[in-house]
Amino acid sequence: MSGSRLEARALSLVREERELVRDIDVVAEPGRITVLVGPSGCGKTTVLKALALLEPIQGGTISLDGRALHTLGEREIRREGLRGHVLAYVFQSHALFDDLRVRENLLWALDRRERGARISRDEAENRANIAARRAGLPPELLARPVADLSGGERKRVAIARALILDPKVMLYDEPTAGLDPPRARAIDRLILELRDQGLSSILATHDLDSVVRLADEVIYLHKAGPEEPGRVALRGDLRELQEHPLGRAFFADSLIRFSPGTPP
Ligand SMILES: Nc1ncnc2c1ncn2[C@@H]1O[C@H](COP(=O)(O)OP(=O)(O)OP(=O)(O)O)[C@@H](O)[C@H]1O
Ligand SMILES: [Mg+2]
């Protein structure tokens, strides 16, 4: 169940002839959480999607446990289940089927991956139950349509859908966005539990409380101007983020709650 080391070096991402981010180094390691922060539009989601192999990269390298991924073709990525199976991306919008029940959403992920392997219905159900339990979903929720669920429950379903494929690296985009503080705390606790199980994690967030609770390493992305690419302006721990002028300015309102220098 332990994680893998996912390493991106000097990542450059170009979309519609515009360089969105340049020279980004990010590493995910087993049992650690790396947090990407920075203003809207600096490229956090774009970087996460590239790391999940959902979108191509235009410069730099991505490797998994020392093996280059950026040189692999689509066929190899699919055959090895690298996208989704090994590298799990939890969409900010959840990307669930609202009309389907939770169980069907989980089995759908499994069906896509295991289609060729022909696992039995019982085994599939068993894996859905295990994934739901790991994500903290009560069993009775499995029979409910996703449309009936709260935001926090949907987030857990999205995480369970990732877990059913036994990923090595979790990539979470704004996992607590739109949740009230207790629900946000609960999702952060789940992310910590998964970290403690050895998974490697990278997440993007605007929530300083989450940064405080989760980050082993903080990477602050910054654009020097509207047409400039996002670049790493700061890499460090929470204290360094709090002391850096960009971090202080960005989190000014939230920082009022924390006394200077003391991680709460
Ligand atoms: N496929 C694409 N084609 C063109 N532009 C894109 C594409 N994907 C992202 N962008 C642009 O790249 C920039 C960075 O977007 P991104 O969503 O990565 O930012 P972000 O840091 O995640 O922002 P937020 O904090 O609001 O989620 C934005 O200006 C966005 O419009
Ligand atoms: Mg984003």
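Reader: Hi! Which residues touch the most other members in the largest nonpolar core?

Author: Among the 75 residues of that core, Leu51, Val90, Leu106, Ala160 and Leu171 touch the most other members. A nonpolar core here is a set of buried Ala, Val, Leu, Ile, Met, Phe, Trp, Tyr and Cys residues joined through C-beta atoms within 7 Å. Buried means that 20 or more other C-beta atoms lie within 10 Å of a residue's own, exposed means 12 or fewer, and partly exposed is in between, with C-beta atoms placed from the backbone.

Reader: Good to know. What kind of model is this, and how are residues and chains labelled?

Author: This is a predicted model: local features need pLDDT of at least 70, side-chain atom pairs count only at pLDDT 80 or more, and totals for chains, interfaces and linings use all residues. Residues are numbered from 1 along each chain as its sequence is written, while chains are lettered from A and ligands numbered from 1 in the order in which they are written.

Reader: How far apart are the C-alpha centres of the two domains, and how many residues are in contact?

Author: The C-alpha centres of domain 1 and domain 2 lie 25 Å apart. Across the boundary, 12 residues of domain 1 are in contact with 11 residues of domain 2. Contact means that the C-beta atoms of two residues, placed from the backbone, lie within 7 Å.

Reader: Which helix gives the largest share of the domain 1 side?

Author: Helix α6 (residues 181-196) does, with 4 residues on the side that touches domain 2. By class, that side has 7 nonpolar, 4 polar and 1 charged residues. Ala, Val, Leu, Ile, Met, Phe, Trp, Tyr, Cys and Pro count as nonpolar, Asp, Glu, Lys and Arg as charged, and the others, Gly among them, as polar.

Reader: I clicked on Ala184 in α6. Buried or exposed?

Author: Ala184 counts as buried because it has 22 C-beta neighbours inside 10 Å. Beyond its neighbours within four places in sequence, Ala184 is in contact with Thr176, Leu179, Asp207, Asp209 and Ser210.

Reader: Let's switch to ligand 1. Which residues are around it?

Author: The residues around ligand 1 are Arg15, Glu16, Leu20, Ser40, Gly41, Cys42, Gly43, Lys44, Thr45 and Thr46. A residue is taken as near the ligand if its C-beta atom, placed from the backbone, lies within 6 Å of it. The shell divides into 2 nonpolar, 5 polar and 3 charged residues.

Reader: Which helix gives the largest share of that shell?

Author: Helix α1 (residues 44-51), which supplies 3 residues. This helix is largely enclosed by the rest of the structure, because 6 of its 8 residues are buried. They are Lys44, Thr46, Val47, Leu48, Ala50 and Leu51.

Reader: Leu51 again! What does Leu51 touch, leaving out residues up to four places away?

Author: Leu51 touches Leu6, Ala8, Val26, Ile62, Leu171 and Ile202. Just after α1, Leu53 takes a positive phi of about 65°.

Reader: Where is Ala10, and what is its phi?

Author: Ala10 is in strand β1 (residues 6-15), and its phi is near 50°, a positive value in a residue other than glycine. With 12 other C-beta atoms within 10 Å, Ala10 is exposed. Ala95 has a positive phi too, near 55°, and is in the loop between β6 (87-90) and α3 (102-114).

Reader: Last one: how many helices and strands are there, and what is the radius of gyration?

Author: There are 10 helices and 10 strands. The radius of gyration is 18 Å, which agrees with the value near 18 Å for a compact globule of 264 residues. That radius is taken over C-alpha atoms, and the globule rule is 2.2 Å times the number of residues to the power 0.38. Of the 264 residues, 40% count as buried.

Note on methods
Helices (H or I, at least four residues) and strands (E, at least two) are DSSP runs, numbered from the N terminus. Domain bounds come from an automatic or database domain assignment.
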